[in-house]
Amino acid sequence: MAKKVVATLKSGDSAQFTKVVRMVKSDKSGAYTFEEKVVNKEHIKDFLNS
């Protein structure tokens, strides 16, 4: 599945987007989960800081 996403992101106008993965710690259990999102290159820092 990851190969398909990467191939799609490299084509045409989609080259301005990046897949970002962030670890989020749960307040209840203390376990970590991963949040994935495809964002514009200009908004990567905004996504990671939120």
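With a relative accessibility of 48%, Y32 counts as partly exposed (buried means under 20% relative accessible area, exposed over 50%, and partly exposed in between, with a 1.4 Å probe and protein chains only). Before we go on, please note that this is a predicted model, in which local features need pLDDT of at least 70, side-chain atom pairs count only at pLDDT 80 or more, and totals for chains, interfaces and linings use all residues. Residues are numbered from 1 along each chain as its sequence is written, and side-chain values use heavy atoms, with hydrogens and water left out.

Let us step back to the overall layout. The protein has two helices and two strands (DSSP runs, H or I of at least four residues for helices and E of at least two for strands, numbered from the N terminus). Of the 50 residues in the protein, 10% are buried. The protein exposes about 4400 Å², and carbon and sulfur atoms supply 56% of that area (Shrake-Rupley method, 1.4 Å probe; for residues, only the protein chains shown count as cover). Among contacts between residues at least 6 apart in sequence, 23% join residues at least 24 apart (a contact means heavy atoms within 4.5 Å).

Now back to Y32, which sits in strand β2. Leaving aside residues up to four places away in sequence, Y32 touches M23, V24 and K25. Y32 and R22 are ten residues apart in sequence, and their C-alpha atoms are 9.9 Å apart in space. Y32 also belongs to a nonpolar surface patch with V21, M23 and F34, and together the four have about 460 Å² of accessible area. The elements that give two or more residues to this nonpolar patch are β1 (17-25) and β2 (32-40). Patches are made of residues with over 30% relative accessible area and no salt bridge, with like charges joined within 9 Å and nonpolar side chains (Val, Leu, Ile, Met, Phe, Trp, Tyr) within 5 Å.

Charged partners come next. The whole structure holds two salt bridges (a side-chain nitrogen of Lys or Arg within 4 Å of a carboxyl oxygen of Asp or Glu). One of them joins R22 and E35, whose closest N and O atoms are 2.8 Å apart. This pair links distant parts of the chain, with R22 in strand β1 and E35 in strand β2, 13 residues apart. R22 counts as buried because its relative accessibility is 13%, whereas E35 is partly exposed at 32%.

E36 and K19 also form a salt bridge, with the closest N and O atoms 3.3 Å apart. Here too distant parts of the chain are linked: E36 lies in strand β2 and K19 in strand β1, 17 residues apart. E36 is exposed, as its relative accessibility is 52%, while K19 is partly exposed at 35%.

K37 is partly exposed, since its relative accessibility is 45%. From K37 to V21 the C-alpha distance is 6.7 Å, although 16 residues separate them in sequence.
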